[in-house]
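Here is a short report on a protein model.

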Amino acid sequence: MPDERQELEVAQEAAVAGAVQPATTAAAGTQQNNTSWLGRAAQPDRLDLSTDRGDAFRSWKERWDDFYLLAGIASMQPNAQMAALRSCLTDDTNRVVRNLPLTPEERQDVNAVLAQLETYAIGQVNEVLERKRFNSRVQGNRRVTVDALPDTGADLSVGGEDLLAQLGASREDLRRPVHHPRAANGSVIPSVGILPVTIALGDIQAEEEVHILPGVRGLLLSWEVTRTLKLIPADYPRQIAAVGKPESTTAATAERRLSSGPDPTAGVGHCTPTANPSTTADLAGPLTPPPAGGLENAQDPTSIQRPAGSDHSPESREYTDRYRLMSEFERVFDGHIRTMPGEKFTIHLQQDARPFCVTTPRRIPLSLREPLKAELDRLEAEGVICRVTAPTEWCAPIVVTPKKGGAGVRLCVDLSQLNKFVRRERYQSPTPIEEVASIRSSEARWFTVFDALKGYHQCPLAEDSRLLTTFITPFGRFAFLRAPYGVTSISEHYNRRMDEAFEGLSGFRKVVDDVIIFSRTRSEHLQHVRQFLQRCQDRGVSLNASKLQLAQQTVKFAGFIVSGDGYRPDPQLTEALSQFPTPSNLTEVRSFFGLVNQVAYFVDDVAELLTPLRSLLSSRREFIWDENHQLAFDKAKAALTSLPTLAFYDPKLPTRLETDASRARGLGFVLRQAHPDGTWRVIQAGSRFLSDAETRYAVIELEALSVAWAVRKCHIFLSGLPLFQILTDHRPLVPILNSKMMDEIENPRLQRLRMKIGEAGVFTASWRAGAEHVAPDALSRAPVQDPEPGDEVGEDAASLRVCAVVVAELHASGTDVRLDEVRRAALYDPEYQSLKRTIEEGFPQTKNDTPESIRRYWTVRDRLSVDDGLVVCGCRLVIPQELRKAVLAALHDGHLGKERTKSRARQVVYWPGMDADVENVTRSCRNCQAQLPSQQRETVLHHQPTQRPFQSLDLDFAEHAGRKYLIAVDGFSGWRFIKLLGNCAQSKQLMSAMREIFCQVGVPQWIMSDGGPQFASKAFQDFLCRWGVEHRRSSPHYPQSNGRAEAAVKAAKKLIRCCWDDCRNQLDEERWTRGILQHRNTPGRGGRSPAQIVFGHPVRDTLPAHRRSFAPEWQIAADAAAGRLSEQQQRADDLYNRQARDLEPLAVGNQVSVQDDRTGRWDRYGVVCEVGPHRRYFVRLSSGRVLTRNRRHLRRRYGHAIPDELAQCVPPVVSRPPPVLQQREPAAAAPSAPLGLRRSTRVRRRVKRLIEEM
């Protein structure tokens, strides 16, 4: 790098001194004209591509071109030119240049580097878009006559900027080139742009795209245009056998006449026109792709390769026609997924639809998070999905797997729960056989096949259906703006929209998103293709350019080979049947006969053909294969694999897919349909060998692989079906395919296979005994094809082996379980060894056939495998019985609680009942139990409602400045009584205050208190008994159970503080009385004040009031106020209950922990001895003391966690046998027996409880 910079400085100094000499004679004039600028050439600012790299590169490129010209860099050595370029780039941009895909020779070519850097900064040129921009700038046509020089050594036509001036065009009228031309030595020649023209010589025209190159003057014609204008023989470059007299040519007229250029008579070879040949240039649309070409006064050019053959060959014509059509209909082939205008796709749900919502995203491996984010950003940028922030009732999970080869990720949204309630349109779609059979060979000789680009995504999704497709990811929730793949009703909607889009067109057939166009002649066919493409452009249909089969006489369409002679099934569909190998033993003969029995009804003489082989079916005879057997076998195969053996496909018939896998051989499948005669006829069959990686699959993984591979092979038949059936002889696979959701499948390979199977549509899986599963079994035991690169659907390069995951987790865990200890304990564990043998041999078909000691593993049998002598369940190590206690103790070392301990255990270890064992360990830990958090609140439970004023009173005490107050609140009206009790609140003062209240408003039916000492005293209880008042208590240390009194105490204390006279240290009676009146006149939540509820009108206070305010007609009606109060109460209850749930009720005899109201610890233990109302419980402690507590302050304890000292507190359960009635016998016969126990008849005193004395 220092040498290059030094060389650049020397070169620039030489340029200032005029020492730089032009490299070629052609450039001498230009160099001399620019000599005065050499010392003043300003170096452009360094190119920074960190932001807005497209605009940054364009502006920098203009300054670089000026600097390149004025500084004479073109005359420098290549390494000096590269040094000059690097000096004009930032460090980050130089790093980009070093990573560009260039050869060593290209890295020394400034133009080649700039061309690749332009592609990086601006992106690949959108050829169709550039054409559109160019065509939109052309304002009419002119005919111009120009002089041109034929160049038989150039593969493209080139011109100079003087050509633009004579045409009246400018650089803005040029289309940006896709590729820059290269010279013969491989160097890149920068092209200013491309000018599409129509060149005419006499009556012959040729359409060409001319590259405008710097340093070129006039127009140079390529060898192909020269041949088209018949200036050279049609078979050029072959040798000329005879040369005729050259014809004279005349100048032709053209639009936008040109004049100037080199002598056109030079360099034409044997053709010597008598006059200057002229060309016509018509600024029309481009027709042929731009080849790389040559230069005048420069190096010999090379060309971009065209299809081999002459310009009239099929390959060349297809190439030209393809390019013309893609240029003419650029919106159809530009690769953008546009939406079809008109009706939007709506997801209609059944009336009984139950929303399904996943609230947490599935965990995504860290290595897949960035690719997932990029995929979501791409879909969001393309307008396929949008971000969702509002709450939604529907939310589906996703499954992310890396694509094969590491090229991004595959995102699958599991809409299976939504599909259960989707109503379908039931639109009648044509079958492939119906569409193909309707093509008459007499009317069709030329065919073109189109394929829609992401067809379902071209249907816009209705706004009211978008939130139904919401899915959750680690980066937030998203919803589809286009119709998503996976919704069962999209196929009918898409077929109907496509039929409506192409209605009225003739000469085409359509199967879902595949379209075939047919015509009798090629010219007629291209017209039909243009009509179809015009309709696509008008209706907003985008097509896949890579799958275009244009103007062919034989095409592949919907599983058939279509030609002018008719149609036939794709040979790949019957290859598995035709290549069945020669049997070498009795088992293979039986497999072949089983396969023959499935398809024998298609051939009349198959029984006669198989007669020589029937003698080999006997196990008593020696197996000897001779020539007669081989002849019969070959004839039978020929009959079975002939065209009549393959039934035509009809999607209206019941369809089933039979699959099987052979661990030692391969995979096989047969697709069948039920016909009206009751037979199941073969539609397609196939088989293949297993790859090296697949031979190590577990049995259930192989069976799932066979289904996924068969679904992929039969996609053309299964896609869009309302329902099809999958038959397998592996019973454990059925629930995985039918009932389990993807996030419930822990095996990553099974998860990927299940996802790919689900892409086929709606299906049901069924089990069939192996003895009846003959055809797919025979194909799997005798495969005929090797696996193709896309067949290994179960492989994933980014997935880790299970053993590696287990070992890594064990090393990272804190359980201190070493593998050698596990192996040593497993050797002496009979259950572990039995489980290991069963996994290696395969689980039986039914649970009852499984050894009893390992039946507990039946539910996870599909996840069990043996790796390095150890049993693993997914990625978790199965722990032998001997080590489970040690593992539990190690797991509980962190005292993380029940749920987090189970979560940690589920990462690395497994055994049946592990969750229950973890719960027992955490529950038996006193330290953990004592420090548990408080229980959450329960739903609102109201007291008995009152029907009239002063039916009930809620009582409580308040204190201020050493004085005690009794607060009484009416439960109906909210009327408050505040009585001063003095310096102490004893039963005597309490009863005196209650007598005053009784005299004022009457005796209540019941009172509610917190059961404090004054309220629980015997004197107060006798007082209430004399007055006939029921005493109801709230739960201790639970204020909200006596909420009305607590709220009144809070308001009363505030009023007392506000009316307190600090100077006299007593209440200000004047202010106190006014405050009480305002409280009684202030409306409550129902809109009426306590005075209005009690008296029917407000009472007069110190506020001025008109007499109307006391009139009955101006008072709020009681019914309306009650309704309003009920609504407000219901809203408050609903708001409170959102974050509440009821705890499990306790029963007498349950062991509980009692929470300390001061410390919050659960450190006292007792037994429930009585259940009271309103979630109140009486608990007897081990000391004999009885406490009253609310349910929130009690936590259930279980038998294994009960301390020994509580055993005596558990009330015994006495089981009394039913009485036995015996007949009375005579007294003489009665045996003498001792008298039985009897109970005393004395009257027992009522037990005094401690709670009553508190």
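## Cysteines

This predicted model contains zero disulfides. A disulfide is a covalent bond between the sulfur atoms of two cysteines. The cut-off for such a pair is 2.5 Å between the sulfurs.

How far is the sulfur of C395 from the closest cysteine sulfur? The distance is 4.8 Å, to C357, so the two sulfurs are too far apart for a bond. C395 is buried, and its relative accessible area is 2%. C1059 is likewise in no disulfide. Its nearest cysteine sulfur belongs to C1058 and lies 6.4 Å away. C1059 is buried, with a relative accessible area of 5%.

## A four-stranded sheet

Strands of a sheet pair through backbone hydrogen bonds, either parallel or antiparallel. Here, four strands form an open sheet in the order β15-β16-β12-β17. The pairing is antiparallel. Which strands stand at the edges? They are β15 (508-511) and β17 (549-552). Each has a single partner strand, so one side of each lacks a neighbour in the sheet. On average, neighbouring strands of this sheet are turned by 15° against each other, direction ignored.

Strand β12 covers residues 446-451. Two bridges join β12 to β17 in the antiparallel sense. F447 has Q552 of β17 as its bridge partner.

## The helix on the sheet

Helix α17 spans residues 522-539 and packs on the sheet. The helix touches β12, β16 (514-519) and β17. The directions of α17 and β16 make an angle of about 145°.

Terms used. Residues are numbered from 1 along each chain as its sequence is written. This is a predicted model: local features need pLDDT of at least 70, side-chain atom pairs count only at pLDDT 80 or more; totals for chains, interfaces and linings use all residues. Side-chain values use heavy atoms; hydrogens and water are left out. Two strands pair if DSSP finds at least two bridges between them. Axes are lines fitted to C-alpha atoms, for helices over the stretch in contact, and angles run from 0 to 180 degrees between N-to-C directions. Contact means heavy atoms within 4.5 Å. Buried means under 20% relative accessible area, exposed over 50%, partly exposed in between (1.4 Å probe, protein chains only).
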